Structure formats: structure tokens, C-alpha cells
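Biologist: Could you take me through one part of this model up close? I'd like a single connected walk around it rather than a tour of the whole chain.

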Amino acid sequence: MIKPVWIKHAAQLATLASDVKGPRTKEAMSNLGLIEDGSLWIENGIIHAVGTTKELENRFSDKLHKAEIVDATNHLVTPGLVDPHTHVVYGGSREHEFEMRLKGATYMDIMNAGGGIHATTKMTREATEDELIEQATRRLDSFLSHGVTTIEGKSGYGMNLETELKQLRVMKKLQEQHMIDIVPTFMGAHAVPPEYKGREDAFVHHLIDDMLPVVAEEKLAEFNDVFCEKGVYTPRQSERILEAGKRLGLIPKIHADEIEPYGGAELAAKIGAISAEHLLKASEAGIKAMAESGTIACLLPATALYLREEAAEGRKMIDHGVAVAISTDCNPGSSPTTSMPLIMNLACISMRLTPAESLTAATYNAACAINRQEQVGSLEVGKQADIVLWNTKSYQELQYLFGVNHVKSVWKKGIKVV
């Protein structure tokens, strides 16, 4: 029998609880459900009560002697962070491209020279499952140490059936072995494989006819993603791939308008994608369409920073009524980081989110972007006890002191893991 856990005397307990159902927009993104001198009671990995320390002390007075007591005096307590967009499973490394980029090469220059996604594809195809598990485990450990308790993981570094399935099966094994929850996304349409160059439509047919059905039949993914970008997949090709996935029960996501305006945000709204990712160059019409459709904008400020691009217009999107989530975009080429605290800082600095909006974007809205809001993303009765205790007194201080990992302790399903 696991001992109950009583977390008490939090300077601020940011519950993220709200009467608003579904992803938060506009003013609702600033409602953190704050409780001063806050307290949580946890049993068997589930939150059983939330309130002030006095309230829970009175309610559980006959059980206090049986509980593991955590004194959170002078500390902020929040839900475990949720990262809704990662490429966490891949082979090798691409640090040499960092120097190429500093010398002036663009993302597409590197990719067209055989680097970028193609380089990682080659290394991932060559890696064994055990090698991929070993590398990804190190990244997951780092995520956990930065307060992340749930992530989405994409395939996409195979672009052939064998390697795409290998990546997804590795994620399934990691879900069983690691404390972090991993939500899988199939992204066979991450780029056009070199062997299909000039025959892009043939690969689209192959992906739809041969790859998607196997992924769906083996239940290896919940989502289907595509890189809709000039020189990669056209909006028409992207729509065909995502609609084919929908017919097989896979929820659509879309890498949209990262390099230039290409109608990706509009397509996300049209097909009812749960989220559109990147959106650095999203048009005004695309932003308005996403607000109307309820598509979540999953913004990746570290990727913009790493590529030395202007960040997505997060402030404009929120003001237009788009629900915003944020993510590391952990990947070997354009955002090799596992620090969601840094992402929250950058969301404030480069996209003008407020500290409260940034925390909402990294917890509840991020959970909505991967369809996990009923389990994680807020501290409410009946949800998983995924919790972070921070070495700051307030959520404002957490965002103000940037570039520092303020994590003191992390609980996953009621078990202290950091």
C-alpha cells in the first residue's frame, strides 16, 4: 500500500482548474486557479483533494500520521509540464549543422544538401531498437528533471515502413519502461525520402496505401502529422494524407507555415486538426480560421530562436481567440533542447505571452493539444498526481528568472521521481 502524500503550505498552488471546458482562450488563459497556502492530498497516484492547508488539515486529520508530508513553504506548486510536440526518438546527432547555420546556411539549404531530416533519417534507419531506446531514455530523463511529466512523440525519421514502425514501437516500449507518459504520433510525411525525389505523389500513395493502415491496425499512434511546406508537401498532398489518417481513426495534426506562408493554418482549420504546429509565417486569415475551428496553435519559440527567425505571433493569436500551447520541439536539427522552463521564458520574451498564459500553454492547453486534458494538465480531484514543486515563490518569478532550471521535486502518478 502506497502511503498518501500531503503537500502543504505552498506559497502558490497553481491548480489550472477552471469552469471552462476544452482548451483555454483569451482571458481564460490567465486564470491559473491560484490558491495561497495551498495543499494537495494524493492517494494511489490520484489527486483526492485540493484546497488550503487548513482545509485539508481539518478534512484528513485522522490520516495525517499515515501520510508522507511535503512542506512546500515558500515554493510554487504546479501541474507537471506537458510537451505536446517532440521528435524524441531518433538516431545520431547533427551538431555540425549548428556551425553551418551560423555561417549562413538556411534550414532548406542544409536539407537540400543531404543534411537536416535526411541525415537523421539515415542514422535512424541504421540504429537498432536498443540503440534508439538508450538515446531516447537520456532525453526523457532530462525532460523529467525539467518538470515534464507527459510528452507527445513523433515518428518521421524513417520515411519507410520498417523504420517508422521501429520508431513507434520504441515509443511503446519507452512508455512501458519510463515514468514519463508518451503519446505517439505517426509522421511518415516528415519529408520526401531521397529515393522518392521527383516522385512525390508516388510516396504519398505509398504512405496512404501501405503505411497508414499498418500503423492504425497495430494501434501504434493516436495522431497523424504532416510537414506542409513549400518543397516538402503541398496543401493538397497534406490534405490527402491527413484525411486518409482520419478514415483510419488517427487524429490530424499539421506542421504549418514554418518557413513561409503556405496555407497550412487554413488547412488545419478546414480538416479540423486538433493542433497546428510552428506557424511562424501563419497568415491573418489562417489565424482567424483556427480561432473559429478551435484548432490549437502549438508554438515552438526555441526553434525560431535556434533558426534565428522571428517567433510566431503568439500575442496576436491569443488576442484573436486561438488557444495556444507551447513546446520544446525537441529534435536534433532545429531545437535540441528538453527544457520546457526555457520554453515558458521564451514564450514571454519572444511572443509576448504573459507569465500566466505561458504556464497555461505549457500545462492545460498542451494537454488539450494531445487529448490528455482529462488525465493531466491541471491539479483537480480525480486526475493523475503529476506535480512539480519549484524553487520559486510564484509563477511570475518562474518566468522572470530565465534560463535556469528551478525544479526542486517532481511527482509522477503520486511517486516522487525527481
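**Around histidine 87**

Modeller: Histidine 87 is buried, with a relative accessible area of 2% (buried means under 20%, using a 1.4 Å probe and protein chains only). Before going on: this is a predicted model, where local features need pLDDT of at least 70, side-chain atom pairs count only at pLDDT 80 or more, and totals for chains, interfaces and linings use all residues. Residues are numbered from 1 along each chain as its sequence is written, and side-chain values use heavy atoms, with hydrogens and water left out.

Histidine 87 sits in the loop between strand E6 (81–83) and helix H2 (95–102); helices (H or I, at least four residues) and strands (E, at least two) are DSSP runs numbered from the N terminus. Leaving out residues up to four places away in sequence, histidine 87 touches, among others, His190, His255 and Asp329, where contact means heavy atoms within 4.5 Å.

Beyond its neighbours within four places in sequence, aspartate 329 has contacts including His85, His87 and His278.

Definitions and conventions:
Buried < 20%, exposed > 50% of the residue type's maximum accessible area, 1.4 Å probe, protein only.
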